[in-house]
Amino acid sequence: MDPQPGSSHQDYMRVCLDLARKGRAAGYLGIGALIVRKESIISEAHELLPHAWDVTGHAELLAVRRACERLNSHRLSCCTLLTTAEPCWMCAFAIRETGIEMVVIGAPTDDIGGLRSKYPILSDADVAGWGPPPRVITGVMAEDCAALRTIDPAKS
């Protein structure tokens with residue numbers, strides 16, 4: 001169920017946290033993501049990694065793919081992506097390629113983050129063919145998000 005109209009980033013991040021918990025309980029990394037358009041959740045996903053045969057099982061990438069399918073378009077320019085973890089380079093590329101307008105991040109990602117690493121794909125305004133970078137908000141419920149970004153020891 002969607003948060004109520006006028007919901008805050010924290011309300012949507014709580015949904016991401018629930019998704020992360022669901023994935024973690026199933027033995028995956030505890031990362032959740034969703035895409036919001038006009039105050040409605042249009043797609044959601046939890047991480048499907050580690051998975052031996054599919055490296056694209058990132059929550060953000062799955063949410064982007066599902067949103068594109070639902071809207072029957074590869075353009076998500078009126079959408080916001082919320083995620084419990086800073087998107088990696090692969091996910092950041094998908095965010096930029098689809099034109100997502102805003103990204104709301106819970107916890108940072110070391111080394112390969114699409115915002116804070118030496119390859120800041122999310123914020124680079126000089127990539128030919130891409131429009132302006134999305135607006136990025138970081139640190140939303142960061143401690144809660146960081147605490148879930150592991151595999152549930154009971155499932156490993």
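Q: Let us take helices (H or I, at least four residues) and strands (E, at least two) as DSSP runs, numbered from the N terminus. Where is Pro-50 placed?
A: Pro-50 sits in the loop between strand E2 (40–46) and helix H2 (59–71). This is a predicted model, in which local features need pLDDT of at least 70 and side-chain atom pairs count only at pLDDT 80 or more, while totals for chains, interfaces and linings use all residues. Residues are numbered from 1 along each chain as its sequence is written, and side-chain values use heavy atoms, with hydrogens and water left out.

Q: And what is the peptide bond from Leu-49 to Pro-50, cis or trans?
A: That bond is cis, with omega near 5°. Most peptide bonds are trans, and most residues other than glycine have a negative phi.

Q: What about Met-141: where is it found?
A: Met-141 belongs to the loop between strand E5 (135–137) and helix H4 (142–148). Met-141 also has a positive phi, about 55°, without being a glycine, and its relative accessibility of 19% makes it count as buried.

Q: Stepping back, how many helices and strands are there in the chain?
A: The protein chain has four helices and five strands, and from the N terminus on they run α-β-β-α-β-α-β-β-α.

Q: How much of the chain counts as buried?
A: Of its 156 residues, 47% count as buried.

Q: Now Ser-117: where is it, and what does it contact?
A: Ser-117 lies in the loop between strand E4 (102–107) and E5, and with 13% relative accessibility it counts as buried. Leaving aside neighbours within four places in sequence, Ser-117 contacts Glu-86, Trp-89, Asp-111 and Ile-112, where contact means heavy atoms within 4.5 Å.

Q: Which backbone atoms lie by a polar atom of the Ser-117 side chain?
A: The backbone oxygen of Gly-113 is 2.7 Å from such an atom, and the backbone nitrogen of Tyr-119 is 3.1 Å from one. A polar contact is a pair of N or O atoms within 3.5 Å; within protein, one must be able to donate a hydrogen and the other to accept it, and residues adjacent in sequence count only if both atoms are side-chain atoms.

Q: Last one, Ser-43: buried or exposed?
A: Ser-43, in strand E2, counts as buried at 5% relative accessibility. A polar atom of the Ser-43 side chain lies 2.7 Å from the backbone oxygen of Ala-63. Not counting residues up to four places away in sequence, Ser-43 touches Ala-33, Leu-34, Ile-35, Ala-63, Arg-66 and Ala-67.

Key:
Buried means under 20% relative accessible area, exposed over 50%, partly exposed in between (1.4 Å probe, protein chains only).
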